[in-house]
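Visitor: I am new to this structure, and I would like to understand the words used to describe it. Could you take me through them with care?

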Amino acid sequence: MVKTDLIIIGSGPGGYRSACYAAARGLSVTVFESAEAGGTCLNCGCIPTKSLCRNAEVIDTLRDASALGLESLSYTLDFGKIMERKNSVVAQLRNGVETLMRTPGITFVNKKAKLTSGHTVVTDEEEYTAGDIIIATGSHAKIPPIKGAQLQGVVTSTELLDIPSVPKRLCIVGAGVIGMEFASAFSSFGSEVTVVEFMKEALPTLDSDIAKRLRQTIGKRGVTFHMQTAVKEIEEKTDSCGARVLNVITDKKGKTLEVEADTVLIATGRSANTDGLGLEEAGIEYDSKGIHTDDDFATNVPHIYAIGDVNGKCMLAHAATFQGIHVVNHILGTPDGIRPDIMPSAIFTNPEAASVGLSEDRCKELGLEYTCKKGFFRSNGKALAMNETDGMVKLISDSDGRIIGCHMFGAHASDMVQEITALMNTGVTTRRLAEIIHIHPTLSEILCDMCLG
């Protein structure tokens, strides 16, 4: 039996960052990983997707170059090189995580671990015990029970990130973050993109006004959206030229709508990785949404914690990271000021969208007294100079003027929302924001100007 202070199952952002944080504070840590170091985010999620989004952004800039006085530009898209660059970025960062896992105090075990009790896990060869255990096994793509979902050419985001060529026609089932990012990128790469979404609006966690405007902006670039549309079946058929195609049969408000595609992306969310962990044997409570935890991310079994996607609270890489840091602090008895209720998020479409805190929709649902201020990129000097005038900001404050939410889309939205996140953590009011000097000309002046009026 191998003894250690802390066992972490999973080496994604939550797992490896927690391990480094714990080791730096004197704990001996053993990290188990059944696949590649870095988890979903690094290997087949955030990082490779954002690499492709950057390529798409450059293509979009070239297409609009005439507005900047650059005429008759031309380029040839080499998708193979795009994928090579993506793979290189992933490999470099994975090597970095592997190096971190060799930090003094950390033992990295590249094997699947299974819980046997509140303090013990086993691999196929050995038993390990620790004072505390953190489960950070992440999630996997959720496949709904659609007839034909297992056909060749029907893929999840993992497979699409390794696709050898740009699909001529791409149908995306789901207009959440994953669906919208791939719709934006592959439209720029030249795919004819159609998005089918069951809900009334895209990006349900985003303010509906912002989500609608972003969808319309992406739609103007050629992406077709079918909202309030349910997928009934995916079938194979042969087109007029004798080529195999996928036919997505849907119900749009009671009428049958068919979408032909070469590739179909299922982007209907993610499910927690709980299988094979030995949760039943260890007595840990969980359901289809994930492992049950309290506000300190502790399970019902003492000394076992669950962070990140596997607890189903907030499926974001940075949420996993800070949940893990909080758990280590909790184990050490060290208080911290981490606010998991103030969780920023971003959607890396072109243009970007980002949010933190309550939306106007949510304020109405809760019956809160609030004030909503709006700002537009088209009236900002830097946005005009950048030729990035598509964008809108909604800033929400409570009855005392304290900022409780911000939702926006536009260039560098993720950077601007981070400023609001910092202010929300210190309880700043819109009046105080108006008094904070902002550099001119910058996009962030939009935030200041909104509050000056």
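Guide: Let us begin with pairing: two strands are said to pair if DSSP finds at least two bridges between them. Please keep in mind throughout that this is a predicted model.

Visitor: How do you know that strand β9 pairs with strand β10?

Guide: Strand β9 (residues 169-173) and strand β10 (residues 192-196) run parallel and are joined by 5 bridges, and because pairing asks for at least two bridges, the two strands count as a pair. Within this pairing, L170 stands opposite V193 in β10.

Visitor: What makes β8 and β11 the edges of their sheet?

Guide: The open sheet consists of 5 strands with parallel pairing, in the order β8-β15-β9-β10-β11. β8 (154-155) and β11 (224-226) each have a single partner strand, so one side of each is left without a neighbour in the sheet.

Visitor: Why is M315 called partly exposed?

Guide: The relative accessible area of M315 is 32%, and because buried means under 20% and exposed means over 50%, M315 falls in between and is called partly exposed. M315 lies in the loop between β19 (304-306) and α9 (317-332), and, leaving aside residues up to four places away in sequence, it touches S139, R270, S271, A272 and D309. UniProt, in an unreviewed entry, places the feature "binding site" at positions including S139, D309, M315 and A317.

Visitor: How do you know that the span of helix α12 is close to what is expected?

Guide: Helix α12 (residues 413-425) has 13 residues and reaches 19 Å from its first C-alpha to its last, which is close to the 18 Å expected at 1.5 Å a residue. Its buried residues include M416, V417, I420 and L423, and among the elements that cover the buried residues of α12 are β23 (392-398), β24 (403-409) and α14 (445-452). Just after α12, G427 takes a positive phi of about 70 degrees.

Visitor: What makes the radius of gyration of the chain agree with that of a compact globule?

Guide: A compact globule with 453 residues would have a radius of gyration near 22 Å, and the chain has 23 Å, which agrees.

Technical notes. Residues are numbered from 1 along each chain as its sequence is written. This is a predicted model: local features need pLDDT of at least 70, side-chain atom pairs count only at pLDDT 80 or more; totals for chains, interfaces and linings use all residues. Side-chain values use heavy atoms; hydrogens and water are left out. UniProt positions are given in the numbering used here, feature names are shortened, and annotations may be inferred rather than shown by experiment. Helices (H or I, at least four residues) and strands (E, at least two) are DSSP runs, numbered from the N terminus. Buried means under 20% relative accessible area, exposed over 50%, partly exposed in between (1.4 Å probe, protein chains only). Contact means heavy atoms within 4.5 Å. The expected span of a helix is 1.5 Å times one less than its number of residues. The radius of gyration is taken over C-alpha atoms; the globule rule is 2.2 Å times the number of residues to the power 0.38.
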